[in-house]
Amino acid sequence: MDAVRRRGRHARRRAQRRHVRVRLPEQAERRAAGPGADLWSWAVTVLEMYAGERTWPSGTVAPFVLDAIVRGRRQCRVPLPPAVTELLQACFALDPDDRPRSAGEAAAALHVPGLTPPERPSVLAVPRSRALGESGGWDDPRRYLHFAYEAAGRDPGEALAHWPRRGGGFSAQVLADLRAFQEASAVLRDAPATAQNVEVLARIEVHESRIRQALGDADGAIAHLESAAGLLDTGSAGHRTLRPWTLHWLAIALRRGNRLPEAISASDAAIAGADDLPDADEAARLRGSALLSKANTMNSAGAAAAETAVPLRAALTELRSSGDRRGQARVLAAMAAQREQEGDEAGATALWDEADALLAGPGAAGEEEPGDQGVQVVRALMAMNRAALATRMEAQLLHAERAVELLAPLVERHGRYDLSTELASACMKAGYAHEHLGRPQEALSAYRRGRKLYERVVLRDGRTDLADELSECLEFESTLTFELHGAEQALEPVGVAVDRWRRLVDLEGMEQWGRQLIRARVRLAVTLEDAGRPGALDVLDEAARDVAALGEDRTPQLIRQDAMIHRERGVVHRRAGDLQAAYDECREALLLADGAGPEPAVERVLILETLSAILSEAGHADEALHALATATGESERLASAGERDPAWLAASHRRLASLLLETGRLEESAEEAGTASALYAEVIAGRPDLRFDALRCAYLAGAALHMLGRVEQAADAYRQARGFGGDLRDDDLAMRRLTSNPAAARRYRERTAGLEVGEPDAAMLLRVLEGQIGDLDALLALRPDELDGRLAEIGTSMRNAGELGRGGLTQEASRLLEPLLGTTLWLSRTFRRDDVAVLAGELGLRLGVTSLHAQRDAPALRGFRSAVRSLGELADRPGGDAYRERWFDAHLGLATCLTVLGDHEGADEVGRTLDRQVRRWAPESVQYWRQRLSKTLEGLRG
């Protein structure tokens, strides 16, 4: 009995092994197998019968065996008749919808006795199309080859040698179809120029244009459609029916090629030509479609909404009369997009919902089933459009995920790989929204899914036009991997990307894939540096050699890539402490970026920001500020051009405000921080990821205003900071970046010095803010009888700052004195007591001297000028003798500071003011003060 069971198991295994050999494309790609699978399996059996044996390991390889037989590279034991060859090729179509629908249809094609064969399909009928996105397919070229050879009086069997091969990736199949259409066109042009032949030739031109469009050749697509329209311009009835549609397709291609005036003319011609169509519904459908295309072109040309609304309303009327629900949905979507741009969110939502309801309801697919793939594609593309137009991240995420939900089954279960690009783009939009809504894990998953889809279409299907999208997706993925899991884990996908692009370069050359390899190498260098691993400079050197290998093809994009290589070298040198080498690399990067063209570029902004950081660390504050201000100006231009969003611009102003505050330029810092805070306030409701940066910005504004003595405004700014950070979480990525960036962490510690705080977390930051708000509120509520106690506290803090300065910590002492002076200035304005004004004068002098030693020029100037003002009010009134000596000291300090800064004219003017006042108040001391001033300034001027 056991032996029987064993023999049974062995028999089942042998049967399973035999069964596995006849795998179908649907099975290989894990798609559901339908009726078309039976025709494929039957064709494999027939081919095996003619070949006499099975010499291929899997049924999916059978089409290549058949192709080798047709081309004479392989022999059959029994010759294959042409009709059988044609039928087998049809059965081996990768798309099951392109195979015969039943065994009866296959038998009819072979003219089996006892069956009535159908007429040969006419190319003038509407055949099944190869799928390509939505409304972008083309017919099977085999029937056109057959027609062309027959029309030219040649044996249709010869056409078999030109049938497109089924296999390879998307681009291989598309190019095979293109070659087949080109052969059909060449043969048909030698045939008699009958009306039917001319019409078929025009149809071939239309299909070639669609293939060119799929390959990214916009000019080629336009040329084919122009040729088709010219062929049909004969006045014959059949040609008048097809020509208006051809003009409509030409208008769309011209718009995509940015030839807008020509596109509008073509649309107008299509609208006029619709009158020649015999069917009223078809004529209305064409007019509606052409009016929609015209409206879209007008919108691209910058026409006012009121102008584009006219053709849109007319289009909707025509399409409603024709019963074209898909067309109506497209018009409603265009109207909704217009409302979105006008800021009418409620009106836009109503139109979007109406469009979706049209597609979701019965009859939306016309003659097809209500849930057919075409309808799903239109709904998905509408969702993508809504995601792109959404002003709030929640809305962008909702619509992007809806697009993913609609497209994923088509791609992953039904094999609609032509939609992989749209699905990848939807994943990217969803990932971007997740990331900016503070959901990094979900964002990482979406980016990873998008990257895999882009890899498929770029690497397998040869869509080189999408290589930049793949590189960008990989960068987003590696950035989030780094921030969530550390640089070590981020190195893996980046290293894989470098290896992938390098292999492609080895196979197909630098011209094809060099830019992607360079981009991946730069990313690898950045990740190595972030991980603290050696080798970043070596990788950048390899990237520079790749740039050189591209030869004389110095496009602006390649020049900017070269500039970024130098910029990253500067970052590496800066982190290693070699500021001179870092500066040299960034200067070279800036020269290259400037040479790429006058238009603003993100690369130039990044280079200027890095250069500013290097100059700041080297002690060149003015040059650092100039570089960063220039970067902010570039960001303004990018935002005005719509190339960067308000959050990018806000970050640029925030960085400038931070450096201005660090260098003591308080007025400018408060202004920049206010600009940035206003930008953050506009967008933060839909961007939780900006909470921490917005909090920091408002805190900057509060600190600057406090140091300026504007206590009421400072308290308001701190409250705004508290509002920005109310929902801040400990896993906030921006807060993580602060702790991982040494320079940023250092600045944070400096600004929170004395507040007894540790590493930032959400609760601690809010405690700091509450403390600052509480201190300022207490100051604002200070009663006159409490003033002496507050002045004593300030005096103690001033002495502590003096101890720090005498201990060599002049930077820290200077920063501690700034808010003390701000508080005292507010007190002197509020209470108008002499002792408060004296304290303000002394604090100003102390800040001036300390900051001058710390090489903080702006606080030094502000301190001495504040001392001059505070003490001058006391010295200029009767009985002010006690304050004049210190007032003279303040003038001497101010003249000294101006001389150090190279403002000799300003210093001389201060000296003249000092001389006048000494002669007025203490004429006996004129010579003394003149000698002191002269000796001090001459020593500095050398």
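Predicted model: local features only at pLDDT ≥ 70, side-chain atom pairs only at ≥ 80, totals over all residues.
Visitor: What makes Cys697 count as buried or exposed?

Guide: Its relative accessible area is 0%, and since buried means under 20%, Cys697 is therefore called buried. For Cys897 the relative accessible area is 0%, so Cys897 is buried by that cut-off.

Visitor: Why is Leu804 called partly exposed?

Guide: Leu804 has a relative accessibility of 30%, and because buried means under 20% and exposed means over 50%, a value of 30% falls in between, so Leu804 counts as partly exposed. This residue is found in helix α36, which covers residues 787-806.

Visitor: How do you know which residues Leu804 is in contact with, beyond its neighbours within four places in sequence?

Guide: Contact means heavy atoms within 4.5 Å, and with those neighbours set aside, Leu804 is in contact with Leu809, Thr810, Ala813 and Leu816. From C-alpha to C-alpha, Leu804 and Leu816 are 9.5 Å apart in space, while in sequence they are 12 residues apart.

Visitor: Which residues have the most contacts inside the largest nonpolar core?

Guide: They are Tyr680, Leu827 and Leu843, in a core of 64 residues, and the largest share of this core, 12 residues, comes from helix α31, residues 691-707. Leaving out residues up to four places away in sequence, Leu827 touches several others, among them Leu779, Leu782, Ile794 and Val836. A second, separate core has 58 residues, including Ala383 and Val572.

Notes: Residues numbered from 1 in each chain as written. Heavy atoms only, no water. Helix = DSSP H or I, 4+ residues; strand = E, 2+ residues; numbered from the N terminus. Buried < 20%, exposed > 50% of the residue type's maximum accessible area, 1.4 Å probe, protein only. Core = buried A, V, L, I, M, F, W, Y, C linked by side-chain atoms within 4.5 Å.
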